[in-house]
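Hello,

Here is the structure I said I would pass on. My notes follow below it.

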Amino acid sequence: MWVLRAKMEESQVRVGKRVWLPFLRARRYLQSRESLLEYSLTQFFKAAERYRP
């Protein structure tokens with residue numbers, strides 16, 4: 001379930017009891033080239049799938 005906020009980067013995705021901030025996470029990881037190599041949004045979505053109700 002999406003939980004929208006006034007600031008887009010603070011919007012949340014709630015899956016069961018877990019909450020993620022996908023826009024904030026994406027911005028943080030896109031800020032540096034090294035982090036793009038170390039982290040993948042695919043990993044994020046795989047983790048989210050594990051917590052689906």
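The notes cover confidence, the sheet, the core and one surface patch.

This is a predicted model, so please read the confidence values before the rest. The chain has a mean pLDDT of 82, with 83% of its residues at 70 or more. Among its elements, strand 1 (residues 2-3) has the highest mean pLDDT, 94, while helix 2 (residues 33-38) has the lowest, 65.

The sheet is open and consists of 3 strands in the order 1-2-3, with antiparallel pairing. Strand 1 and strand 3 (18-20) are the edge strands; each has a single partner strand, so one side of each has no neighbour in the sheet. Between strand 1 and strand 2 (residues 12-15), the antiparallel pairing runs over 2 bridges. Opposite W2 stands V13 of strand 2.

V13 also belongs to the largest nonpolar core, together with V15, W20, F44 and A48. Strand 2 and helix 3 (41-50) are the elements that each contribute two or more of the 5 core residues. As general background, nonpolar side chains in soluble globular proteins tend to be buried together.

W2, for its part, is in a nonpolar surface patch with L4, M8 and F23. Together these residues have about 470 Å² of accessible area. F23 comes from helix 1 (residues 22-30). Its relative accessibility is 36%, so F23 counts as partly exposed, since that class lies between the 20% limit for buried and the 50% limit for exposed.

Regards

Terms used: Residues numbered from 1 in each chain as written. Predicted model: local features only at pLDDT ≥ 70, side-chain atom pairs only at ≥ 80, totals over all residues. Heavy atoms only, no water. Patch = residues over 30% accessible without salt bridge, like charges linked within 9 Å, V, L, I, M, F, W, Y side chains within 5 Å. Areas by Shrake-Rupley, 256 points an atom, 1.4 Å probe, with all protein chains shown as cover. Salt bridge = Lys/Arg side-chain N within 4 Å of Asp/Glu carboxyl O. Helix = DSSP H or I, 4+ residues; strand = E, 2+ residues; numbered from the N terminus. Buried < 20%, exposed > 50% of the residue type's maximum accessible area, 1.4 Å probe, protein only. pLDDT = per-residue confidence, 0-100. Pairing = 2+ DSSP bridges. Core = buried A, V, L, I, M, F, W, Y, C linked by side-chain atoms within 4.5 Å.
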